Amino acid sequence: MTVIMEEKFDYTKAIAELEEIAAKVENPETKLDEIDALVLRSKELLKGCREYLRGVKDKLDSLDQE
Amino acid sequence: MGTDMATDYMDLLELQQRIKEGIEDAFPGRIWVKAEISQWSPRANGHCYLSLSESRDGRVVAEVRAMIWKWNYLQLKTFFEEAAGQPLQAGITVLVRVEVSYSELYGISLFIDDIDPAFTLGEAALERKRTIERLTAGGYMDMQKELALPPLPRRLAVITSRTAAGYGDFRRHLLENEAGYAFELDLYEALMQGESAPASIVSALQQARERGGYDAVLILRGGGSELDLACFDDYDLAVSIATCPLPVVTAIGHDRDVHVADMVASRSVKTPTALADLFLDAFMEEDMRLDTLESRITMAVMRRYQTLEGILDRALYRLRFAVESRLGKEEALLKVKEALIGASDPRKILSLGYVLVTGSDNKVLKSARGARVGERIGVRFSDGAVRARVEEVSEGQEISRLRSK
């Protein structure tokens, strides 16, 4: 039997936040010290998203071995 | 019945012989007959025994035994299947050329010696057309079209035969992708060919629906006989696909034509590899989106720092220029002062040819009026001094006179 796991990571939300960060960083009004924090957060989100596309592979592989 | 014994009778054999004669007189040559094959049993001896029937409103209204002699059987079967693209088997409607034969022992039987594949093709096409019309009338054709695949279809129910070569290809291609995208596959086994296939697929679909939680259901034929695809034109199967609340993607894989199952499904592709690509592409697109976002952010930050650096550079340049020009000014000022100072040095003046005159009291004589005739005075040059006596004192225009000398 397969148990379908619910991921905690909300990919759609993460993408929306990344879009927002990109827009903020591109905005010349944004302060430099703010940008550092935004860049850090974007790295975190990108890592999460990339892991979401791949990360849970090991767990999933076992599902089909009946 | 009377008690008197009838004297006018015939033997059974004679009766059968007369029937045989009657039938064979009525059908002296071969005739073409349209019928459905209701039973089909090739035998080990090489002959093929079958039943031909006709149904109306779901009831059999005519039936007869038939056979194909072994010297005709293989040739006829091959010819039909190559031309019609489907197996010669029970359930199909055929147009066959028969010889009506009557045996005193076994009764009537049709000997088949020819078959018209074009007729069966036409029948199948007609049947398919009727199915499509029924589905259209029922509103089933576009039901699945409203179900879009989610942007990241990851949990997939696969309906196929475990042994199908195509299933292995699909699994490998999908799960062993280089990027390492993750998928969940659940296999729902079903018969993918033959008469029982539609019911088997419908039942697998039902199981997948009941389990739930899938992003899509895939129907993958993945191999087997290319002749046996009529099951994918089945009405009940089409309805079951159309009414599935999950998007159904078919990969029946036959380039000759599109099946009704393909038509009602949300999407359809030809090959197992194309099926895997459909899902891999969705993930790849997302990955590219992430790359784009990343480079947008990186570029923006770089631009910001470049601008900042520019501002700093310009500020530094102006500062340096200001300092330098300030320094230059000071230097010039110093030079002027130096020049001024230098100019007021009496020695410098003396070197130009002027002299310093002191009176007998050793004070500087600043005017002719201050000198008396006979007074001893000192005249100082830059390189020394002379003593002298005043002989005459005259006032005014002395300079011009001196110059005119």
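Predicted model: local features only at pLDDT ≥ 70, side-chain atom pairs only at ≥ 80, totals over all residues.
**View 1. Helices α5 and α6 of chain B in contact.** Two packed helices are described by the angle between their axes and the distance between the axes. Here the axes of α5 (residues 197-211) and α6 (residues 235-242) of chain B come within 9 Å and cross at roughly 15°. An angle under 35 degrees counts as roughly parallel, and α5(B) and α6(B) are therefore roughly parallel to each other. The crossing of α5(B) past α6(B) is left-handed. On the α5(B) side the contact is made by P198(B), I201(B), V202(B) and L205(B), and on the α6(B) side by D236(B), L237(B) and S240(B). By class, these are 5 nonpolar, 1 polar and 1 charged residues.

**View 2. G166(B) in helix α4 of chain B.** The helix spans residues 165-175. G166(B) has 21 other C-beta atoms within 10 Å, and 20 or more make a residue buried, so G166(B) is buried. Leaving aside residues up to four places away in sequence, G166(B) touches L220(B), R221(B), G222(B), G223(B), G253(B) and P272(B). T273(B) is 107 residues from G166(B) in sequence, yet their C-alpha atoms are 8.2 Å apart.

**View 3. The largest nonpolar core and A261(B).** This core has 61 residues, of which I159(B), V217(B), L218(B), A261(B) and V264(B) touch the most other members. Its largest share, 7 residues, comes from helix α8 (residues 272-344) of chain B. Not counting residues up to four places away in sequence, A261(B) touches I219(B), F232(B), L237(B), A238(B), I241(B), T250(B) and I252(B). Another core, of 15 residues, lies apart from the largest one and includes I68(B), V94(B), V96(B) and I115(B).

Methods
Residues numbered from 1 in each chain as written. Chains lettered and ligands numbered in written order. Axes fitted to C-alpha atoms, helices over the stretch in contact; angles between N-to-C directions. Helix = DSSP H or I, 4+ residues; strand = E, 2+ residues; numbered from the N terminus. Parallel < 35°, antiparallel > 145°, perpendicular 65-115°, else oblique. Left-handed = near helix turned anticlockwise from the far one by under 90°. Contact = placed C-beta atoms within 7 Å. Nonpolar A, V, L, I, M, F, W, Y, C, P; charged D, E, K, R; others polar. Buried ≥ 20, exposed ≤ 12 C-beta atoms within 10 Å, placed from the backbone. Core = buried A, V, L, I, M, F, W, Y, C linked by C-beta atoms within 7 Å.
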